[in-house]
Amino acid sequence: MFPQNRFLLLVPFFYLVSTRMNTPKSFLSNLSTAWIPGLLLAAWWGEADAATSIAHYALSYLAFISIYEIGYFANDTFGTKFDETPRHRLKAAPRLFGGVIFVAVRIIAWLLLANHLNAFSSYGWLAGMAALVTVMVMHNLLASSALKAVTFFQMSTLRFCVPLLPLVPADRWSDILLVGVFHFVYPRFITYLDSKGRLRIPERKSDRYGLQTQLLFLPLFALISIAVGSVLPLLVWGYYLLFQAGRFLVGEIRSARRKAAPDEPIGNSES
């Protein structure tokens, strides 16, 4: 979506977009699995009114991703030396000065945004950020993809939960954790294992698989809703079920059109 312009990469959030969400499909995937459910949880369970909570979620996510992008940057430079299956996402190796500026900009952005949100008064958020930095260091130092799976699972959990922690009351933190693990982390974890050659599920790439998987999660999300005394976890499940149903229908329509299209005559294509 965005080119790897060296000045654009310095701006918080754009490193994520240009190296991990550089296609409309990947951007839509993150929008549907992370941001929309995050906004819903912030608006429903947030301590402020819905509109303020939504605005604060955007700022809190930007603060979080500023630190998370430092982990991405380390993974794309230093971390590739230790990875069994490295993926080289940067088109050109950055110079030392550029790396220092990259990190400094994000730390300053994190400090300013966190101070604006009064996040430093949230011990859950501070603990979450400390856990994030620790896990990112471990992830970039480990070579074994089998062991990296453990740190990836934790990073995905923190990625969904930490931006919400300074916005919701402390008695909702465990509820956020449950929703995050089963809504956001599980499908990402399966994808990660598959990409590292540790798991083979050919059906995962089909549109039907996402819908079927979400349907099978109904009993657990119903239990979570009962346990936390709120219908919200079940609404998150239902929202994503509709999204997966839409993907399935679009896939079926495309498949039907391909089958209905007449074969192109041989020798009649344009050169």
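# Helices, a pocket and some positive phi values

Mentor: Leaving aside neighbours within four places in sequence, Val-135 is in contact with Thr-151, Gln-154 and Met-155. Keep in mind that this is a predicted model.

Trainee: Which helix is Val-135 in?

Mentor: Val-135 is found in helix α5.

Trainee: Is Val-135 buried or exposed?

Mentor: Val-135 is buried, because its relative accessible area is 4% and buried means under 20%.

Trainee: Now α9. Which residues of helix α9 are buried?

Mentor: Helix α9 covers residues 218-228, and Phe-221, Ile-224, Ser-225 and Val-228 are buried there.

Trainee: Why do the buried residues of α9 line one face?

Mentor: Looking down the axis of α9, the buried residues fall within an arc of 100°, so they line one face of the helix. As background, an α-helix has 3.6 residues a turn, so residues three or four places apart point the same way.

Trainee: And which exposed residues are on the face turned away from the buried side of α9?

Mentor: That face carries Pro-219, Leu-223, Ile-226 and Ala-227, which are exposed.

Trainee: What do the buried residues of α9 pack against?

Mentor: They pack against three helices: α2 (24-45), α7 (173-195) and α10 (232-260).

Trainee: What follows α9?

Mentor: Gly-229 follows α9, and the phi of Gly-229 is positive, near 70°.

Trainee: Which residues other than glycine have a positive phi?

Mentor: Phe-13 is one of them, with phi near 90°. Asn-118 is another, with phi near 60°. In general, most residues other than glycine have a negative phi.

Trainee: Where are Phe-13 and Asn-118 in the chain?

Mentor: Phe-13 is in the segment before α1 (14-19). Asn-118 is in the loop between α4 and α5 (123-141).

Trainee: What is the relative accessible area of Phe-13, and what is the relative accessibility of Asn-118?

Mentor: Phe-13 has a relative accessible area of 21% and is partly exposed. Asn-118 counts as exposed, at 52% relative accessibility.

Trainee: Back to α2, then. What does Ala-42 touch?

Mentor: Ala-42 is found in helix α2. Not counting residues up to four places away in sequence, Ala-42 touches Ser-53, Tyr-57, Leu-164 and Leu-167.

Trainee: Buried or exposed?

Mentor: Ala-42 is buried, with a relative accessible area of 0%.

Trainee: How far is the C-alpha of Ala-42 from that of His-56?

Mentor: The two C-alpha atoms are separated by 8.4 Å, and the residues are 14 apart along the chain.

Trainee: Next, Ser-66. Where is Ser-66?

Mentor: Ser-66 lies in helix α3, residues 50-76. Ser-66 is buried, with a relative accessible area of 0%.

Trainee: What lies 2.8 Å from a polar atom of the Ser-66 side chain?

Mentor: The backbone oxygen of Leu-62 does. Further along the sequence, not counting residues up to four places away, Ser-66 touches Pro-12, Arg-106, Ala-109 and Trp-110.

Trainee: Which residues is Asn-75 in contact with?

Mentor: Asn-75 is also placed in helix α3, and is buried at a relative accessible area of 14%. Beyond neighbours within four places in sequence, Asn-75 is in contact with Arg-20, Thr-80, Arg-89, His-139 and Asn-140.

Trainee: Different topic. What is the volume of the second largest pocket?

Mentor: The second largest pocket has a volume of about 450 Å³. It is lined by 18 residues, and the closest to its centre are Arg-6, Leu-9, Pro-94, Arg-95 and Gly-98.

Trainee: Which helix gives the most to the lining of that pocket?

Mentor: Helix α4 (residues 96-116) does, with five residues.

Trainee: How many of the lining residues are nonpolar, polar and charged?

Mentor: Twelve are nonpolar, three are polar and three are charged.

Trainee: Last one. What does Ser-145 touch?

Mentor: Ser-145 is in helix α6, residues 145-161, and counts as buried at 2% relative accessibility. Not counting residues up to four places away in sequence, Ser-145 touches Glu-84, Tyr-192, Lys-196 and Arg-198.

How values were computed. Residues are numbered from 1 along each chain as its sequence is written. This is a predicted model: local features need pLDDT of at least 70, side-chain atom pairs count only at pLDDT 80 or more; totals for chains, interfaces and linings use all residues. Side-chain values use heavy atoms; hydrogens and water are left out. Buried means under 20% relative accessible area, exposed over 50%, partly exposed in between (1.4 Å probe, protein chains only). Helices (H or I, at least four residues) and strands (E, at least two) are DSSP runs, numbered from the N terminus. The arc is that of the directions from the helix axis to the C-beta atoms. Contact means heavy atoms within 4.5 Å. A polar contact is a pair of N or O atoms within 3.5 Å; within protein, one must be able to donate a hydrogen and the other to accept it, and residues adjacent in sequence count only if both atoms are side-chain atoms. On a 1 Å grid over the protein atoms alone, a cavity is a set of points where a 1.4 Å probe fits but cannot get out, and a pocket is an open set with protein on both sides within 12 Å along at least five of seven lines; lining residues have an atom within 4 Å of a point. Grid points are joined across faces, edges and corners, and a volume is the space filled by probe spheres set on the points. Ala, Val, Leu, Ile, Met, Phe, Trp, Tyr, Cys and Pro count as nonpolar, Asp, Glu, Lys and Arg as charged, and the others, Gly among them, as polar.
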